[in-house]
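Here are my notes on the model, as numbered points.

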Amino acid sequence: MSQPAYHPVLDPAVAPPFPDAALPVLRNPQLRKNVAHAIDVIQTKRGRLVEEKADWQALRTAAAAIRTQALENLGAYLEEFEARCTAAGGVVHWAADAEGARRIILELLREENASEVIKIKTMTAAEIQLNPHLEAAGVKVFETDLAEIILQLGGDEPSHIVVPALHVNRSQVREIFARRMGIENLSDDPQALTAAARSYLRQKFLSVPTAIGGANFLIAETGSVAVVESEGNGRMCLTLPRTLITLAGIEKVLPRYQDLEVMLQVLARSATGERMNPYTSLWTGVTPGDGPQRFHIVLLDNGRSQILARQTERQTLRCIRCAACMNACPVYRQTGGHAYGSIYPGPIGAILTPQLMQMHHAQSLPYASSLCGACYEVCPVKINIPEVLIELRSQVTDQERKQLRRIFDPMYLGLRVANLLFSRAWLFHAAQRLGRMALGWFTGKDGWIHSLPGAGEKWTQTRDLRGMPKQTFHAWWAARRNAGGKEAR
Amino acid sequence: MNAPSSVIRRQVLDRVYAATRNAAGSVEQTVLPRDYIRRGALSAESRIELMIHRLREYDAEVTECAPEALPAVIVEQLKKSGRSIFAAPAGLPAEWLAPGFAWKVDRNLTTREIEEADGVVTACFCGVADSGTIVLHHTAAEGRRVLSLLPDWHLCILRASQVVETLPEYFSRCDQLPALVTRLVTWISGPSATADIEMTRIKGVHGPRFLHVILVRDQGAE
Amino acid sequence: MIYYSTSRLMFILRVMAMRASLFITCYNDTLFPETGRAVVALLERLGVELDFNSRQTCCGQMHANTGFRAESFSQAKRFIRQYQDVEVVVIPSSSCVAMIRDQYPGLVHELGNASLRSELDALLPRVYELSEFLTDRLRVEDVGAYFPHRVTYHASCHGLRSLQLGDRPARLLAKVRGLDLVPLANLDRCCGFGGTFSVKNGEVSSAMLAAKLQDIVVTGAEFCTALDNSCLMHLGGALHRQFVGMRTIHMAEILASTEAVPAEAIA
């Protein structure tokens, strides 16, 4: 069976906390193997291409600056984009939240009498859970990205933002395609599986008159929209239908066309380890005789303006969705994407999701990191993810410490007491003595602790802990000084 | 019941302006650090070599030829492809429309008609050697977007003088063009591809499965 | 020979006047006093006049990284005030140095205390992680150490990325006589400690640890060393549980070790 043994929940409002959601994955060796394999391939390719780029750090600096400039002047750039796009025959819509965006899109589809749509992979549409709402309104959605087809037909959820089905291996894909496309004798060769997807979608591309897609960049200067892809399904959706509806977060703006000379150099290398992705399409409103003759773009806020308002967190919106952070993340490597309970997994998800939920949900995500900094190191727009994680952790703590039940929470109790102890050396030293006595109970003859109760059990499940030495360093230093300096040793 | 769209527009923009009120600098004040490589350092010959190398690395086929030999080389390549029906943009030079093949010149061809073509021949705006990228601005000789999309085999004519080394050099060339030209842009780096199944790169998904480039050695034009 | 003595003389002159204050860190003080003793042995051997402020406690890293920002303020303030007058602070823990460099400026900025801010600005350039102090300040790589063992080096994330220690640790270890340095695969991958992460996300942390142990064990080294005892506590705890015979050791203890006084004697 290809169906996952568990069904991942990617709605942050109801998803279980990260440590719990990670468990089924940690106990699924096949899935972990699939994830690690895919990540190793991308990481090796990325590493090689970044290495060959002599000006990589200068490109990162420029990319970060361009995104920062775009965000700091976002209002003006959005209005510029709107004016140019409108002048070129596009229709610009604004949505304050997910519900607003869905309503606009459903209305547009109703005007088109659309019973089917073809769709380019877009994280933003997944963010507003567009597909289930379209299906509920009687609109059949055909995902056209290979990975999205695998997930849609397999009833699975994305676990990565660039390679959404990286947790599924070829024999699982074969099973899904054979079952859902009704193909007998399908081999598990990726070439054959890809060919099956091509013929499965070809007629849809040629006949469905409405497409829904996202945007990688909006260019304020020209009013153009850019979509970056590999398979050509994007070009199909952007070119063949009569009507194109694009959904884009308001943060996607770039000031100038020329800015792409930086963004496209860093994006493909970071995302798939290619010098350039096979296809990038840019269009501006409507071009008579070429492509869709009706173009609508929905600009979505959905919490972004609130992130924008916060000094430390604003950098979150620089993100260009390359997924380099999750590929580099040692936590993601173990858990895959589903554990994050959101369509945005990995380090960027750990900071973006709780903020999009306005810190009402997904509070476990800022803790889903060892703060190792690998994400920051690879981020092409230099988002200091550890810095934002720590900022969000303090917001979570500030929320939680008001809760009554936290009074006896060992973590809260412990850290508060520790803070008091650290405020006076004598208190700290007294606590060390007490701690030694207490831990002495658990320390074995070999001088090691093999088992602890309570929160400590999480440690001793897999590791021992060395027992506390008899003499602290400061006690040794004092004794040495009293004995007359260096000779004491 | 639901707020009218103009109200929501104002609401979103107001929030955005309020959120950035205390942001660092205005657009005019900010000087962006652009210390990355703008101009390439390769000789003209090495630049072309790199373009060819990168195109091949991403599974495109490349044939070189002298300018005067181009029509003959096109014939040769069309024959070699084993295909017979070819689409062509309306502005494609007449001497490129090799005799002996069925040509569908795009004067409002329908999607179905284009889909029936086995291949397509187009010009292009620019080649970027660093990434092996071909840029189409969809002018009369480059064709509508759909034209270079549906046929499974794309033969693209690239002149050596159109090849730049770095991506920023392409953008400098755009500076000299009216904005209208960049209204529609397609960048192509190799045939369509996917790595969605176990990160195995598979050539050819929905876009053309075969990209063939004739690189015309018109160096004197530089 | 003449060159050697001149450079040796220069070194002695440079170090002679060097005074440094040791910030041992709370967990080293409590759990790894041998690391502190090794730092003392090493630096005094090199001629540094060491000082130890007995009122020191903690830099605030655990609180800050767990989200207890309000609590970490007081510890940051305490550290800055305690060390504002010293010539140099040496800290044998890369993550604590990272805390001070990366987070103190933000904390102090938030406190809005201008005098504290200028004190921090003046202090920061004088805060050194141990290997930085040796290679950058004392400009010494050969510390005269002797440690005849097969050793692998684990680059703690904070040392690697925040402090950008680069090849400093390798340069120091290369000059240790008798030491056989075995490279560790996936050097840039976290061991899964992450402070309270190891408890809050115990299972994930354990999975990361297991992956790291694989890499460590295949080196066949007798010792795994690092510049941060927090990673070593994590790795050492698992090595003790699973692979008896391989141990962790802070690099200070290797560098302090000589023929006359081997590491075991300091420990």
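1. Contact here means heavy atoms within 4.5 Å. By that rule, 97 residues of chain A are in contact with 75 residues of chain B. This is a predicted model, and the points below should be read as such.

2. Chain B and chain C are not joined by any contact, and their closest C-alpha atoms lie 16 Å apart.

3. Between chain A and chain B the buried area is about 7500 Å². Carbon and sulfur atoms give 56% of that area. The size of an interface is often given in this way, as the accessible area lost when the parts come together.

4. The polar side of the interface between chains A and B comprises 13 salt bridges and 41 residue pairs in polar contact, both residues being at pLDDT 80 or more. On the side of chain A that touches chain B, helix 10 (residues 190-207) of chain A gives the most, with 11 residues. The residues of that side of chain A divide into 49 nonpolar, 26 polar and 22 charged.

5. The backbone also takes part in the pairing of chains A and B. Strand 9 (residues 279-284) of chain A pairs with strand 9 (residues 185-188) of chain B over 4 bridges, in the antiparallel sense. Within this pairing, Tyr279(A) stands opposite Ile188(B). Strands of a sheet pair through backbone hydrogen bonds, either parallel or antiparallel.

6. The other pair in contact is A and C. Here 65 residues of chain A are in contact with 67 residues of chain C. The area buried between chain A and chain C is about 5800 Å², and carbon and sulfur atoms give 60% of it.

7. How many salt bridges are counted between chain A and chain C? The count is 7, and Glu34(C) forms a salt bridge with Arg466(A), with the closest N and O atoms 2.7 Å apart. There are also 36 residue pairs in polar contact between chain A and chain C, with both residues at pLDDT 80 or more. Helix 19 (residues 410-422) of chain A supplies 8 residues, the largest share of the side of chain A that touches chain C. That side of chain A divides into 30 nonpolar, 18 polar and 17 charged residues.

8. Chain B contains an open sheet of 6 strands in the order 1-12-7-4-2-3, with parallel pairing. Strand 1 (61-65) and strand 3 (102-105) of chain B each have a single partner strand, so one side of each is left without a neighbour in the sheet. On average, neighbouring strands of this sheet are turned by 25° against each other, direction ignored.

9. Inside the chain B sheet, strand 4 (residues 119-123) and strand 7 (residues 153-159) of chain B pair in the parallel sense over 5 bridges. Ala123(B) has Ile157(B) in strand 7 of chain B as its bridge partner. Helix 3 (residues 70-81) of chain B packs on the sheet and touches strand 1, strand 2 (85-88), strand 3, strand 4, strand 7 and strand 12 (210-216) of chain B. The direction of this helix makes about 160° with that of strand 7 of chain B.

10. Chain C has an open sheet of 4 strands in the order 2-1-3-4, and its pairing is parallel. Strand 2 (49-51) and strand 4 (127-129) of chain C are the edge strands, each pairing on one side only. The twist from one strand to the next averages 35°.

11. In chain C, strand 1 (residues 19-22) runs parallel to strand 2 and is joined to strand 2 by 3 bridges; Ser21(C) stands opposite Asp51(C) in strand 2. Helix 3 (residues 33-45) of chain C lies across strand 1, strand 2 and strand 3 (89-91) of chain C, running at about 150° to strand 2. Helix 6 (residues 94-111) of chain C also packs on the sheet, where helix 6 touches strand 3 and strand 4 of chain C. The direction of helix 6 makes about 150° with that of strand 4 of chain C.

12. Over all chains, the structure holds 63 salt bridges. One within chain B is between the side chains of Arg201(B) and Asp59(B), at 3.9 Å from N to O. This pair links distant parts of the chain, the two residues being 142 residues apart. Arg201(B) is in the loop between strand 10 (193-194) and strand 11 (202-203) of chain B, and Asp59(B) is in the loop between helix 2 (44-57) and strand 1 of chain B.

Terms used:
Residues numbered from 1 in each chain as written. Chains lettered and ligands numbered in written order. Predicted model: local features only at pLDDT ≥ 70, side-chain atom pairs only at ≥ 80, totals over all residues. Heavy atoms only, no water. Buried area = accessible area lost by both parts, 1.4 Å probe. Salt bridge = Lys/Arg side-chain N within 4 Å of Asp/Glu carboxyl O. Polar contact = N/O pair within 3.5 Å; in protein donor to acceptor, adjacent residues only side chain to side chain. Nonpolar A, V, L, I, M, F, W, Y, C, P; charged D, E, K, R; others polar. Pairing = 2+ DSSP bridges. Axes fitted to C-alpha atoms, helices over the stretch in contact; angles between N-to-C directions.
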